[in-house]
Amino acid sequence: MSMLSNKVAIVTGAASGFGAEISRLYVKEGAKVVVADLNEEGAKKIAAELGGSAIAVKCDVSRRADIENLVAAAVKQFGTVDIVVNNAGYTHRNGSMLTVEEAQFDRCFDVNVKAIYLMAQSVVPLMRQKKSGCIINVGSVSGMRPRPGLVWYAASKAAANLVSKAMAVELAPDGIRVNAICPVMSATGMIEDFMGMANTPENQAKFLGGIPMGRLAKPIDIAKAALYLASDLADFITGVELPVDGGRSV
Ligand SMILES: NC(=O)c1ccc[n+]([C@@H]2O[C@H](COP(=O)([O-])OP(=O)(O)OC[C@H]3O[C@@H](n4cnc5c(N)ncnc54)[C@H](O)[C@@H]3O)[C@@H](O)[C@H]2O)c1
C-alpha cells in the first residue's frame, strides 16, 4: 500500500535539491505532484522525469498572483490540493550581518516567510472545506540554533518554524495539520551561500564537527521526513519543528 495514494501535493522549489527529492518520493508513494519553481526549465525536467503523475508550474512564491495561479493549476489538473510543501528558499551569502544588503534581507523574508502567508491564503479555504489538509514548511535548524554568518536568513527561518506552530493551533479544528522540517546543511544548490566558501570536501569538513552523526543531510533524508509528515502515520502530529540534522540541534 502506497503511503500517499490519491493525494495531490504542491511542492515549491521543486526543480532541485530537497524539493525535487520530495517530489520523487511523493510520486513513488502514489501522489500526484505539482512541481513548482521559479526555474521553469528545471521544474519541467523534474515533472517529465515523473511522468503523468506530475506537472510543472513556473512560480515565484513571493508573488500573490503566481501562488493563486499555482493552486488553480493544481485544482485544474488533479482536482484538489491535499498537501503543500513550502520548500522554496532564499539565503544571503554567509558573512557578517552588517554586509547583507537590504534587498537580500527583504528577499529572505519574502521567499521564506511571506510565501507561507500567500500560500495559506490560497489553500486554507480549500482545505477548510474538505476538513483536511497538510502543510509542511521547510524551515531550518539555523532557525532553532543559529551560528554566525547567516543572521537574517536564520531569522526568516525562525519565523517559518514558528509560523508552523502558530498555524497548527489555529487550523487544528479544521483538520489541517501544519509542521516544520528543520534540515541541517546539505550539498544542494544553496550550499556555497550557506558556507560562504567553495563547496570542497575540505570546506565541508569545517561544518561536520557540529553534526554528531558526522555527515551533511542528504535530500532523501528531508524527503523521508516530508513523506512521514504528509502520511497517515503522522495523523496526530501537528505543530512540530522536526530537526532532520544528525543531532546538530541538540
Ligand atoms: N541545503 C541546505 O543546507 C538547507 C538547510 C536547511 C534548510 N534549507 C532549506 O531547504 C529549502 C530547499 O533548498 P535546497 O537546499 O533544496 O536548495 P536548492 O537551491 O537546491 O533548491 C531551492 C529551489 O528553490 C527555488 N526557488 C528559489 N526562490 C524561489 C521562489 N521565489 N519561488 C519559487 N522557487 C524558488 C530555486 O529555483 C531552487 O530550485 C530552502 O527553503 C532552504 O532554505 C536548506
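This is a predicted model: local features need pLDDT of at least 70, side-chain atom pairs count only at pLDDT 80 or more; totals for chains, interfaces and linings use all residues.
Begin by selecting the strands. Seven of them form an open sheet in the order S3-S2-S1-S4-S5-S6-S7, with parallel pairing. At the edges stand strand S3 (54-58) and strand S7 (241-244); each has a single partner strand, so one side of each is left without a neighbour in the sheet. From one strand to the next, the twist averages 20 degrees.

Next, select strand S1 (residues 8-12) together with strand S4 (residues 83-86). These two run parallel and are joined by three bridges. Within this pair, Val11 has Val85 of S4 as its bridge partner.

Colour S5 by burial: six of its six residues are buried. In general, side chains in a regular strand alternate between the two faces of the sheet. In S5, one side carries Gly133, Ile135 and Asn137, the other Cys134, Ile136 and Val138, and all are buried, which leaves both faces covered.

Show helix H4 (residues 102-130). H4 lies across S4, strand S5 (133-138) and strand S6 (176-183), and runs at about 170 degrees to S4. Then show helix H5 (residues 151-171), which packs on the sheet and touches S5, S6 and S7. The direction of H5 makes about 165 degrees with that of S6.

**The nonpolar core**

Select the largest nonpolar core, which has 81 residues. Ala9, Val33, Val35, Ala36, Ile181 and Ala226 have the most contacts inside this core. Its largest share, ten residues, comes from helix H4.

Centre the view on Val33. Beyond residues up to four places away in sequence, Val33 touches Ala9, Val11, Ser23, Tyr26, Val27, Leu50, Ser53 and Ala54. Ala9 in that list is also one of the residues with the most contacts inside the core.

**The ligand site**

Move to the ligand and display the 30 residues around it; Gly13, Gly17, Gly89, Thr188 and Gly189 come nearest. Two elements give two or more residues to this shell, helix H1 (17-28) and helix H6 (191-195). H1 gives the most, with three residues. Coloured by residue class, the shell divides into 14 nonpolar, 14 polar and two charged residues.

**Exposed positions**

Select Met213, in the loop between helix H7 (201-208) and helix H8 (219-230). Met213 has 12 C-beta neighbours inside 10 Å and therefore counts as exposed. Apart from neighbours within four places in sequence, Met213 is in contact with Gly246 and Gly247. A distance label between C-alpha atoms places Met213 and Asp245 8.3 Å apart in space, although they are 32 residues apart in sequence.

Finish with two backbone features. Most residues other than glycine have a negative phi. Which positive phi does Asn6 have, although it is not a glycine? The value is about 65 degrees for Asn6, which is found in the segment before S1. Asn6 counts as exposed because it has 12 C-beta neighbours inside 10 Å.

Then go to Lys131, in the loop between H4 and S5. Lys131 is not a glycine either, yet has a positive phi of about 60 degrees. With 10 C-beta neighbours inside 10 Å, Lys131 counts as exposed.

Definitions and conventions:
Residues are numbered from 1 along each chain as its sequence is written. A nonpolar core is a set of buried Ala, Val, Leu, Ile, Met, Phe, Trp, Tyr and Cys residues joined through C-beta atoms within 7 Å. A residue is buried if 20 or more other C-beta atoms lie within 10 Å of its own, exposed if 12 or fewer, and partly exposed in between; C-beta atoms are placed from the backbone. Helices (H or I, at least four residues) and strands (E, at least two) are DSSP runs, numbered from the N terminus. Two residues are in contact if their C-beta atoms, placed from the backbone, lie within 7 Å. A residue is near a molecule or strand if its C-beta atom, placed from the backbone, lies within 6 Å of it. Ala, Val, Leu, Ile, Met, Phe, Trp, Tyr, Cys and Pro count as nonpolar, Asp, Glu, Lys and Arg as charged, and the others, Gly among them, as polar. Two strands pair if DSSP finds at least two bridges between them. Axes are lines fitted to C-alpha atoms, for helices over the stretch in contact, and angles run from 0 to 180 degrees between N-to-C directions.
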